[in-house]
Amino acid sequence: MLGRTRNAISSVVAIVYTAIFVGLIYGPVGWSMMGLIEEWDNFYLFAKFGVFYIADAGSPHSEQRIRPLAALPFSVGYLFGPNAFVALHVLQATSLVFKGLAIAVIIDWLLANRLIAVLCGLIFVVYPADTMQMTLRAVHINCAVALSVGGIALLLDATRREGRTIRLSESIFAGVVFLTGSLIYEAGLFLAP
């Protein structure tokens, strides 16, 4: 019982600190950004051919076949309107929070130190700290990384579950989440080791 309480408190602390951190770094500048070439290109393709979620040989995004779900975050944003930059901003901020939270869960699982876990989660939110990290053109990358590390965090969390059915269900869900992230942006595959 004490372990569950500690895990719940660790999760709440990580969520709160990560959300505040993302609000502080993304809030002042992030919400004022508009789309660059990639976003307008995707929205143009959606307007011309309809919303598509998978890039294959027959899709308008056939050059992205190595990343078959690369258009997925933009498709979700487009569902809220043809110039849905607000939806992309919400998706970006949410993925940044989820990315930091997932790393905090992983580090807490490895080290059992809440402070180090939260600090590592906060560092991972801005890693790599380059000019492209917070732009809307990186929304699919941040979503992919968030899903990939989220899948790993869910898999590690499944090892703590007592019931076999719950453990198996969470493990399968973790695999689906990780695979989705990897199909959006294949760099997430390298986060598994």
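Mentor: Happy to! In this predicted model, the axes of H4 and H5 cross at roughly 145 degrees and come within 7 Å of each other.

Trainee: Which hand does the crossing of H4 and H5 have?

Mentor: Look at the contact before the hand. On the H4 side it includes Leu 96, Ile 103 and Ile 107, and on the H5 side Ile 116, Ala 117 and Phe 124. By class, eleven nonpolar, two polar and three charged residues take part in the contact of H4 with H5. The crossing of these two, H4 and H5, is right-handed.

Trainee: Let me step back to the whole chain. What pattern does the chain follow along the sequence?

Mentor: Start by counting elements: there are seven helices and zero strands. Read from one end of the sequence to the other, the pattern is therefore α-α-α-α-α-α-α.

Trainee: Which element has the highest mean pLDDT?

Mentor: For the chain, the mean pLDDT is 79, and 79% of the residues reach 70 or more. Among the elements, helix H1 (residues 2-30) is the lowest, with a mean of 70. At the other end, with a mean of 92, is helix H7 (residues 164-184).

Trainee: How much of the chain is buried, as a percentage?

Mentor: The cut-off to apply is a relative accessible area under 20%. Of the 193 residues in the chain, those that count as buried make up 44%.

Trainee: And what share of the contacts with a separation of 6 or more comes from residues 24 or more positions apart?

Mentor: Here the count is limited to contacts in the chain with a separation of 6 or more. Within that set, residues 24 or more positions apart account for 70%.

Trainee: Now to H6 and H7. Are H6 and H7 roughly parallel or antiparallel to each other?

Mentor: The axes of helix H6 (residues 139-158) and H7 come within 7 Å and cross at roughly 160 degrees. Angles over 145 degrees count as roughly antiparallel. H6 and H7 are therefore roughly antiparallel.

Trainee: How many nonpolar residues does the contact of H6 with H7 have?

Mentor: H6 passes H7 in a left-handed crossing. Among the residues in contact are Ala 144, Leu 147 and Leu 155 of H6, along with Phe 173, Val 177 and Phe 178 of H7. By class there are eight polar and three charged residues, and the nonpolar ones number eleven.

Trainee: H6 also meets H4. Are H4 and H6 roughly parallel or antiparallel to each other?

Mentor: Their axes, those of H4 and H6, come within 8 Å and cross at roughly 30 degrees. Angles under 35 degrees count as roughly parallel. The crossing of H4 and H6 is left-handed, and the two helices are therefore roughly parallel.

Trainee: How many nonpolar residues are in the contact of H4 with H6?

Mentor: On the H4 side you will find Leu 88, Phe 98 and Trp 109, among others, meeting residues of H6 that include Val 139, Cys 143 and Leu 156. The class count has four polar residues and one charged, while the nonpolar residues number 18.

Trainee: Is Ile 107 buried or exposed?

Mentor: Ile 107 is found in helix H4. Beyond residues up to four places away in sequence, Ile 107 touches Ala 112, Ile 116, Ala 117 and Cys 120. Because its relative accessible area is 17%, Ile 107 is buried.

Trainee: Where is Ala 112 found?

Mentor: Its phi is near 55 degrees, a positive value in a residue other than glycine. Ala 112 is found in the loop between helix H4 (85-111) and helix H5 (114-125).

Trainee: Last one: what distance separates the C-alpha atoms of Pro 73 and Tyr 53?

Mentor: Pro 73 lies in helix H3 (residues 72-78) and counts as buried at 3% relative accessibility. Leaving aside neighbours within four places in sequence, Pro 73 is in contact with residues including Leu 88, Val 139 and Ile 184. Pro 73 and Tyr 53 are 20 residues apart along the chain, and their C-alpha atoms are separated by 8.7 Å.

Note on methods: Residues are numbered from 1 along each chain as its sequence is written. This is a predicted model: local features need pLDDT of at least 70, side-chain atom pairs count only at pLDDT 80 or more; totals for chains, interfaces and linings use all residues. Side-chain values use heavy atoms; hydrogens and water are left out. pLDDT is the predictor's confidence in each residue, from 0 to 100. Helices (H or I, at least four residues) and strands (E, at least two) are DSSP runs, numbered from the N terminus. Axes are lines fitted to C-alpha atoms, for helices over the stretch in contact, and angles run from 0 to 180 degrees between N-to-C directions. Angles under 35 degrees count as roughly parallel, over 145 as roughly antiparallel, 65 to 115 as roughly perpendicular and the rest as oblique. A crossing is left-handed if the near helix is turned anticlockwise from the far one by less than a right angle, and right-handed if clockwise. Contact means heavy atoms within 4.5 Å. Ala, Val, Leu, Ile, Met, Phe, Trp, Tyr, Cys and Pro count as nonpolar, Asp, Glu, Lys and Arg as charged, and the others, Gly among them, as polar. Buried means under 20% relative accessible area, exposed over 50%, partly exposed in between (1.4 Å probe, protein chains only).
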